[in-house]
Amino acid sequence: MTLAIADKIKQLQAKIPKAPAISSGKLIRGVGLTLEAVGCQVPVGGRCLVQTSHGQIEAEVVGFSGDVTYLMPTQSVKGIVPGSRVQPLSHENGLAVGDELLGRVIDANGEPLDGKGPIKCKQKASLTPPPINPLTRKPVNQPLDVGVRAINTILTVGKGQRMGLFAGSGVGKSVLMGMMTRGTTADVVVVGLIGERGREVKEFIQDILTAEEREKAVVVAAPADTSPLMRLKGCEAAVTIAEYFRDQGKDVLLLVDSLTRYAMAQREIALAIGEPPATKGYPPSVFAKLPALVERAGNGTEQQGSITAFYTVLTEGDDLQDPIADAARAILDGHIVLSRRLAESGHYPAIDIEASISRVMPQVVTEEHLLQARNIKQVYSNYQQNKDLISIGAYARGTDNRIDLSIAAEPAINAFLQQKMGQVISFEQCVESMGTLSGGLNAASAHGQNAQQPR
């Protein structure tokens with residue numbers, strides 16, 4: 001009886017297909033950012049350990065050509081020689097996620113950077129999940145309070161909206177992100193600091209975020225001195241963490257600084273493995289990855305929460321026609337433009353409400369709110385269009401009632417749009433002050449029209 005059972009087990013074992021052995025390969029070339037290996041069968045996105053004279057470094061497969069596999073190291077390449085051993089890793093790649101991440105600062109691999117000890121998360125999530133069926137998403141129909149008056153009133157953001165923050169260097173992007181982190185009513189804030197200076201990472205965490213705000217925030221940092229692969233993974237890690245909390249039914253505010261650095265990291269990798277450049281040196285894969293990343297944010301199903309995302313976009317030389325800026329505008333639900341002219345005049349936050357727009361604002365605010373915002377924007381725009389004539393004294397008061405109104409209202413509108421860095425203004429307070437300002441503009445306009453009528 002025992003022998004019969006043993007024979008039966010052997011027969012069943014023989015029918016089970018054996019997994020192919022994972023064979024190691026060797027390096028044959030190392031140029032620039034990439035390593036080339038032969039002899040190892042690893043899919044794109046798989047990871048390997050490369051033996052060096054100083055130990056081992058991790059690398060990821062980013063492409064192949066014939067029998068040659070292209071690897072991108074996750075850290076600086078030291079001690080690599082021709083023929084270095086390349087050992088594929090068989091375990092599944094994923095990011096550890098969980099509530100334990102709240103209040104922590106991590107790198108692109110989920111390893112802590114804050115010195116508070118290891119992070120023990122029980123779940124793992126893929127950095128590249130399958131796309132969501134758009135018909136299962138909740139509509140964007142509720143406003144999200146970000147604590148910034150100019151955004152809450154003139155550029156109202158909805159829960160699940162994806163916004164771009166367009167600006168050149170040094171006009172207050174990081175400060176505005178800190179203001180939104182401090183003032184938002186979202187349950188969780190996920191901040192991705194991608195490709196920024198290391199100094200700015202520490203300043204953002206210690207100076208801009210208070211201890212209370214850090215408790216509901218997760219910061220993913222991949223500074224400029226990390227490899228392009230880590231910058232790419234850092235951005236995807238921030239989105240993956242935001243997706244986890246959204247799936248738990250929470251409203252998440254995702255701040256990515258910056259989308260341009262993400263695109264530049266993909267450009268470095270693509271050019272290194274031989275992909276031809278297209279628009280201003282950016283390969284086609286860059287413009288394929290941007291919408292794939294952005295579309296991961298937004299609302300979940302009826303049982304899930306939302307991800308309201310702000311992506312900063314660097315405009316080189318304040319050029320809004322930059323390829324990345326142009327592509328981002330097309331795939332986002334609105335854009336906020338920060339003006340260098342306003343920043344240089346001491347107007348903070350330096351939001352140019354003329355050049356900015358929130359595409360879902362009509363779906364998340366009342367008709368009265370929309371009319372008041374439009375009224376303020378029109379008066380502000382009228383002043384800006386005639387500013388040169390007014391400055392040189394070429395305009396005579398009384399010629400046009402609308403211009404007279406814009407001149408009189410300009411100080412009040414500028415004061416309304418400005419806000420101190422540490423000041424948090426609730427959505428209700430913003431709407432109330434906007435109603436007061438708009439009512440004053442209507443009264444002044446009616447008075448001016450009556451004064452111009454012949455008696």
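**Entry 1: second largest pocket**

I sorted the lining of the second largest pocket by class and got 16 nonpolar, ten polar and twelve charged residues. I note that the model is predicted. The lining comprises 38 residues. I looked up which lie nearest the pocket centre: Ile-132, Arg-137, Glu-243, Glu-295 and Arg-296. The volume I have down as about 640 Å³.

Strand S9 (123–125), helix H6 (228–247), helix H8 (284–294) and strand S14 (298–299) each give at least two residues. H6 supplies the largest share, six residues.

**Entry 2: from S14 to S15**

I followed S14 onward. A hairpin of six residues connects S14 to S15. The two strands run antiparallel and share two bridges. Asn-299 has Ser-306 of S15 as its bridge partner.

**Entry 3: S15 and its other neighbours**

I checked the pairing of S15 with S10 (residues 162–167) and found six bridges in the parallel sense. There, Gly-164 is bridged to Tyr-311. S13 (residues 251–257) also runs parallel to S15, with six bridges. Val-256 sits opposite Tyr-311.

**Entry 4: burial of S15**

Are the faces of S15 covered or open? I recalled that side chains in a regular strand alternate between the two faces of the sheet. I then listed one side of S15: Ser-306, Thr-308, Phe-310, Thr-312 and Leu-314, all buried. The tally for S15 (residues 306–314) is nine buried out of nine.

Notes
Residues are numbered from 1 along each chain as its sequence is written. This is a predicted model: local features need pLDDT of at least 70, side-chain atom pairs count only at pLDDT 80 or more; totals for chains, interfaces and linings use all residues. Side-chain values use heavy atoms; hydrogens and water are left out. On a 1 Å grid over the protein atoms alone, a cavity is a set of points where a 1.4 Å probe fits but cannot get out, and a pocket is an open set with protein on both sides within 12 Å along at least five of seven lines; lining residues have an atom within 4 Å of a point. Grid points are joined across faces, edges and corners, and a volume is the space filled by probe spheres set on the points. Helices (H or I, at least four residues) and strands (E, at least two) are DSSP runs, numbered from the N terminus. Ala, Val, Leu, Ile, Met, Phe, Trp, Tyr, Cys and Pro count as nonpolar, Asp, Glu, Lys and Arg as charged, and the others, Gly among them, as polar. Buried means under 20% relative accessible area, exposed over 50%, partly exposed in between (1.4 Å probe, protein chains only). Two strands pair if DSSP finds at least two bridges between them.
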